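Subject: Structure handover

Hello,

Please find the structure below, followed by notes on what was found in it.

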Amino acid sequence: MRTLLPFLCAYGASAGAALLLRPLFERLGLTSTVRFDRWGSRAVALAGGPAVVVGVLAGVLLFAPLSQRSLVFLGAFVFVALVGFRDDLRPLPPAAKIVAQVAAGALLVVGGIYVDVYFPLLGVP
């Protein structure tokens, strides 16, 4: 149960933030526009991304020890989230988005964060 608690907390914070932010975003006009090439038939508030940010921040800040690595992770995460939100408001060119993602990845590497995965087909350490 101890392992499940951070996920439940993050989920609750994210769901709560989505419920609180949706009416505000709709009132401010921060909604996706209906387009013929999309499945949706109505405008949707752009509150999903910020709600996920609230959930991740709650989970990490409440349950992870604050260290340089956790702060680097949060910095890269918030940076990518801000770029995504900016792209939702006014589309960015693909090159700008990939540059932002590479910059966030570089921040993680410089900050000493890595994922140690053994993948036998490609031999990635």
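Asp-87 is a buried residue, because its relative accessibility is 17% and buried means under 20%. Please keep in mind that this is a predicted model.

Asp-87 has a charged partner: its side chain forms a salt bridge with that of Lys-97, at 3.5 Å from N to O. Asp-87 belongs to helix H3 (residues 68-89) and Lys-97 to helix H4 (residues 94-110), so this pair ties together parts that are 10 residues apart in sequence. Lys-97 is partly exposed, at a relative accessible area of 28%.

The count of salt bridges comes to two. The other entry joins Glu-26 to Arg-22, where the closest N and O atoms are 3.2 Å apart.

Next, the nonpolar part. The largest nonpolar core has seven residues: Ala-17, Leu-21, Phe-25, Ala-45, Leu-46, Ala-47 and Ala-51. Helix H1 gives the most to this core, with three residues.

Leaving aside residues up to four places away in sequence, Leu-46 touches Phe-25, Leu-30, Thr-31, Ser-32, Phe-85, Asp-88 and Leu-89.

Regards

Terms used. Residues are numbered from 1 along each chain as its sequence is written. This is a predicted model: local features need pLDDT of at least 70, side-chain atom pairs count only at pLDDT 80 or more; totals for chains, interfaces and linings use all residues. Side-chain values use heavy atoms; hydrogens and water are left out. A salt bridge is a side-chain nitrogen of Lys or Arg within 4 Å of a carboxyl oxygen of Asp or Glu. Helices (H or I, at least four residues) and strands (E, at least two) are DSSP runs, numbered from the N terminus. Buried means under 20% relative accessible area, exposed over 50%, partly exposed in between (1.4 Å probe, protein chains only). A nonpolar core is a set of buried Ala, Val, Leu, Ile, Met, Phe, Trp, Tyr and Cys residues joined through side-chain atoms within 4.5 Å. Contact means heavy atoms within 4.5 Å.
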